[in-house]
Amino acid sequence: MTPAPIPPRPATPGARPEPSPADAQKDRSMELQKQLIGDYYARLAAVPETGEKTAATFVPGNLSELLQVFDIVPILPEINALQSGMRKRSGKFITDAERLGHSEDVCTYVKCDIGMLHDGNVGPTGQVLPIPDLLLLSYTGCFTFMKWFELLREEVDRPSVMLQVPYQARGEITPEMKDYVVRQLRSEVIPALERLSGKRFDIDRLREHLARSRRAEDDLVAVLEAAKNRPSPIDAYFGGVYYIGPIFTAFRGTEAGCEYYRVLREEVEQRVKSMRGPVTPEGEIEDERFRLVVEGPPNWTSFREFWKMFYDEGAVVVASTYTKVGGLYDRGFRHDPADPLGTLAEYCLGCYTNLSLPKRVELLSDYVHEYGADGFLINSVKSCASFSAGQLLILREVEKRTGRAGGFIESDLVDPRYFSGANIKNRIESYLQMVEQKRSAGVAGPGVAS
């Protein structure tokens, strides 16, 4: 999911001036991505004038191509929350929601969304966002999504439709699971979209959007797998959230999305040829000292500070699970125009949040081996149960399978109260020192930073 332009950190006495967002290095693809997201929010803000219909939905399991068939604009509460976090607006929204009675333990995305709604529904770009005409829930492994939409339904009094997606308890998608989701698409979701839009379902138009999705997915996978090179031309965690933004939100299945991923792939391939490291807000990483796999979402309220901790150590994230929440394309899935509804079902069933713990352990272990990682790090997010549940077990199991040392840090999604920069920096430095010591001694692991 895609961040806003990265804000500067507060200056400290004696420190060199912090570069402004305008000073931060950006590739052409990053500028293009910024334009796409800006246009998206402008389109939402113009809904009262244009009369376009909108549907609130979530990133994992989103049905972007199907919404495009009916010319319905998606509203993505997660994206609004993380964008608000990047712009330092989420703290007030969260405390406002807590004053309304929402617990400190509730997902901070939810509280940010509810607080924003009660604060005039002013979005992260300062424009008032429309109230969604429909609440479309594709349930993919995160129970909070259901409660979130129950709360929104009470707040905005709009109709809702739920696509129930079976959990991959045994680590596989069965024909029965796929058929169950397809039946719901036919009997529940498509009729609801027809009623909202006043348009008939056009399966040929859906096929066209799916074909475009497939093209973009090919390019995205090429970008992500470029991290197997040494040095890696990309950071697959911090930089990766830029890369996944268009395909995980409103631009999968569009020509604009295809163009973005074509440009991005060309840039990354050129970096591979030139043997250049990733571009970061602080500059290019010229000395790749550590290759890491990261599990868990990033912190958005201190995103640049968080990223700089890795930059300062020459640590590059070569693979991450967070960049798979909207689709495991690198494991072989592609949207298939030949099976329009079936491929939508398979997509929903295969999102990372719908995987069992054993499958997550397997995926992380594979990433460590495939990308030649020196270790793996878990960022455990206080309020995100779908990620944090079982992470200590995951850490121990991945250590056993890979022989690489694991590290564990804690923060939150968009609540600035739960980001301790000094503590996290200390843990990262201690962890990387341990990795270096074991590497120098010819020992891969296991071990965990304390």
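Select Leu355 and the residues around it: leaving aside neighbours within four places in sequence, Leu355 is in contact (heavy atoms within 4.5 Å) with Tyr167, Gln168, Leu328, Gly350 and Arg360. This is a predicted model, in which local features need pLDDT of at least 70 and side-chain atom pairs count only at pLDDT 80 or more, while totals for chains, interfaces and linings use all residues. Residues are numbered from 1 along each chain as its sequence is written, and side-chain values use heavy atoms, with hydrogens and water left out.

**Around Leu355**

Leu355 lies in the loop between α13 (340-349) and α14 (357-370). Helices (H or I, at least four residues) and strands (E, at least two) are DSSP runs, numbered from the N terminus. Is Leu355 buried or exposed? Leu355 has a relative accessible area of 7%, so it counts as buried. Buried means under 20% relative accessible area, exposed means over 50%, and partly exposed lies in between (1.4 Å probe, protein chains only).

Next, select Arg360, one of the contacts of Leu355. The charged end of Arg360 sits over the ring of Tyr352, 4.7 Å from the ring centre. Here, a charge sits over a ring if NZ of Lys or CZ of Arg is within 6 Å of the ring centre and within 35 degrees of the ring normal. A second case is Lys228, whose charged end sits over the ring of Tyr371, 5.4 Å from its centre.

**The aromatic rings**

Tyr352 also belongs to an aromatic cluster; select it together with Tyr237, Phe238, Trp300, Phe303, Phe306, Trp307, Phe310, Tyr322, Phe387 and Phe419. Rings of Phe, Tyr and Trp (its six-membered ring) pair if their centres lie within 6.5 Å; planes under 30 degrees apart count as stacked, over 60 as edge-to-face and the rest as tilted. How many aromatic pairs does a search of the whole structure find? The search finds 22 aromatic pairs.

Select Phe58 and Trp148. This pair is tilted, with 4.9 Å centre to centre and 50 degrees between the planes. Phe58 lies in the loop between β1 (54-56) and α3 (64-69) and Trp148 in helix α7, so the pair ties together parts that are 90 residues apart in sequence. Both Phe58 and Trp148 are buried.

Now select Phe238 and Trp307. Their rings form a stacked pair, 5.5 Å centre to centre with 10 degrees between the planes. Phe238 is in the loop between α9 (203-225) and α10 (240-248), while Trp307 is in helix α12 (residues 303-312), 69 residues apart. Phe238 and Trp307 are both buried.

**Helices α6 and α7**

Show α6 (residues 108-118) and α7 (residues 143-156). Two packed helices are described by the angle between their axes and the distance between the axes. The axes of α6 and α7 come within 10 Å and cross at roughly 10 degrees. That makes α6 roughly parallel to α7. Axes are lines fitted to C-alpha atoms, for helices over the stretch in contact, and angles run from 0 to 180 degrees between N-to-C directions. Angles under 35 degrees count as roughly parallel, over 145 as roughly antiparallel, 65 to 115 as roughly perpendicular and the rest as oblique.

On the α6 side, select Tyr109, Val110, Asp113, Ile114, Leu117 and His118; they meet Thr144, Trp148, Leu151, Leu152, Glu155 and Val156 in α7. The residues of this contact divide into eight nonpolar, two polar and two charged. Ala, Val, Leu, Ile, Met, Phe, Trp, Tyr, Cys and Pro count as nonpolar, Asp, Glu, Lys and Arg as charged, and the others, Gly among them, as polar.

**Helix α4**

Move to α4 (residues 77-86), where 10 of 10 residues are buried. They pack against α1 (28-45), β2, α5 (90-99), α6, α7 and α12. Just after α4, Lys88 takes a positive phi of about 65 degrees.

**Backbone stops**

Select Asp157, in the loop between α7 and β4 (160-164). Its phi is near 55 degrees, a positive value in a residue other than glycine. At 65% relative accessibility, Asp157 counts as exposed.

End at Pro231, in the loop between α9 and α10. A cis peptide bond joins Arg230 and Pro231, with omega about -5 degrees.
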